[in-house]
Amino acid sequence: MNKSPEQEHQDVKRRVRRHIIIAVALAAGTLMTIWTSQTDFGRGFGLNVAITLAIAGAQAFMVAGFFMHLLSEKKMIYCFLAFTAVFLTVMMGLIFFAHMPANVVHYK
Amino acid sequence: MDIPYTVERREDTGLYNAKLGVWLFLASEVMLFGALFSSYILLRVGADPGTWPRHWLDYKLGAVNTIVLIVSSVSNVIAWANLKFGSFNKYRFYQAITIACAIVFLGIKSFEYYGKFHHYTITLKDGRIADGHIQKNETTRDKIVIDGWWPASEAAVMDPPANIEEKKIEIQSGEIAEMRNYGPSRNNFMGLYFTLTGLHVLHVIGGILVIFALWGPLNGMWKTDPDRYTNRVEVAGLFWSFVDLVWLFIFPTFYLL
């Protein structure tokens, strides 16, 4: 069923409003990463790294999910991305494992 | 001969071909940037304590650039949404914001790069170290002038204090044992910084050229084949959002942590 011009106008307005809210959340996330990277949580810098990267991950999810419409995409694209995730994990794993034997060999 | 599935969706994939293609391309991009981020993590974790630089980049500039890219992403998506519902003029307006933001981003990045190539650590023959930005107007063949400070050691250069009081330092050329700028050859950190951000800048330039072409010289398609034109804008937008997404990881990794 075709939408009336008024309905289409409302659709655009709704989308624009949602995207602006997400943009504000992304900006707030950026400020939060600055804060979390500079605050002493009393558990070592590793916690700062984990929290900051978790916020960056949440921001990336918002960009991919809403700006790239990944939350409402076709199965084919999810399939591509699942393969990409597997290959990326294997590649990162290989890089890290390539580093490990040196430690093992030199370990006494 | 008509190219099939530029507008209508294929039955087997449920997508028009350009969208399928751009997602495959983005998947390969994930691998490309993933390899570089893996290298960064590996080198950083493997670095001896005190040898990995901290606070070498101005996080305020990085944060401004992050906000600029977020604004460009949202304006890009709003432009596409307007086009989808037939508002060509609004599309042009929002996409102009996207292009302007990209230019601002590149301007700030150029400013940062310029600063790094003019920032030097100078080791004197008596062992003292000076660190700061070269003052080109006052520097001559016999004398180097920098706005900078005197770090107590190489460790202080690696992690400079937050509130450095910079002053003008004049060094005679004969006193200098070594001069190193903050370019890509400085160390692993700067090498990776320039590689990753340089690659990202190339993506920004590529993305904005396509967005500009669709916005200006190629917008005639809107009159002849509006659905296909809208799809082209969508796939360009997907790439642009990906460029934003990559930056969301570059910023905390290099500027903050």
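Reply: Let me start with a definition: helices (H or I, at least four residues) and strands (E, at least two) are DSSP runs, numbered from the N terminus. This is a predicted model, in which local features need pLDDT of at least 70 and side-chain atom pairs count only at pLDDT 80 or more, while totals for chains, interfaces and linings use all residues. Residues are numbered from 1 along each chain as its sequence is written, and chains are lettered from A and ligands numbered from 1 in the order in which they are written.

Me: What percentage of chain B counts as buried?

Reply: Of its 257 residues, 30% count as buried. A residue is buried if 20 or more other C-beta atoms lie within 10 Å of its own, exposed if 12 or fewer, and partly exposed in between, with C-beta atoms placed from the backbone.

Me: Which residues of chain B does B:N65 touch?

Reply: Leaving out residues up to four places away in sequence, B:N65 touches B:F105, B:I108 and B:K109, where contact means that the C-beta atoms, placed from the backbone, lie within 7 Å. B:N65 sits in helix α2 (residues 59–84) of chain B, and B:N65 counts as buried because it has 24 C-beta neighbours inside 10 Å.

Me: Switching topic, how many residues of chain A are in contact with chain B?

Reply: On the chain A side there are 37 residues, in contact with 35 residues of chain B. Helices α1 (5–38), α2 (45–67) and α3 (75–106) of chain A each supply at least two residues of that side, and the largest share, 14 residues, comes from α1(A). By class, the side of chain A that touches chain B has 25 nonpolar, eight polar and four charged residues. In this scheme Ala, Val, Leu, Ile, Met, Phe, Trp, Tyr, Cys and Pro count as nonpolar, Asp, Glu, Lys and Arg as charged, and the others, Gly among them, as polar.

Me: What is A:K74 in contact with?

Reply: Apart from its neighbours within four places in sequence, A:K74 is in contact with B:T13, B:G14 and B:L15. A:K74 lies in the loop between α2 and α3 of chain A, and with 15 other C-beta atoms within 10 Å, A:K74 is partly exposed.

Me: What about phi at A:H69?

Reply: A:H69 has a positive phi of about 55 degrees although it is not a glycine. Most residues other than glycine have a negative phi, and most peptide bonds are trans. A:H69 also lies in the loop between α2 and α3 of chain A. In chain B, phi of B:Y5 is near 60 degrees, again a positive value in a residue other than glycine, and B:Y5 is in the segment before α1 (17–46) of chain B.

Me: Back to helices: at what angle do α5 and α7 of chain B pack?

Reply: Helix α5 (residues 188–215) and helix α7 (residues 226–256) of chain B pack at an angle of about 155 degrees, with their axes 10 Å apart. Axes are lines fitted to C-alpha atoms, for helices over the stretch in contact, and angles run from 0 to 180 degrees between N-to-C directions. The two helices α5(B) and α7(B) are therefore roughly antiparallel to each other, since angles under 35 degrees count as roughly parallel, over 145 as roughly antiparallel, 65 to 115 as roughly perpendicular and the rest as oblique. The residues of their contact divide into 15 nonpolar, four polar and one charged.

Me: And how far apart are the axes of α2(B) and α7(B)?

Reply: The axes of α2(B) and α7(B) are 9 Å apart, and the packing angle is about 165 degrees. These helices, α2(B) and α7(B), are therefore roughly antiparallel too. By class, their contact has 12 nonpolar, seven polar and three charged residues.

Key:
Two residues are in contact if their C-beta atoms, placed from the backbone, lie within 7 Å.
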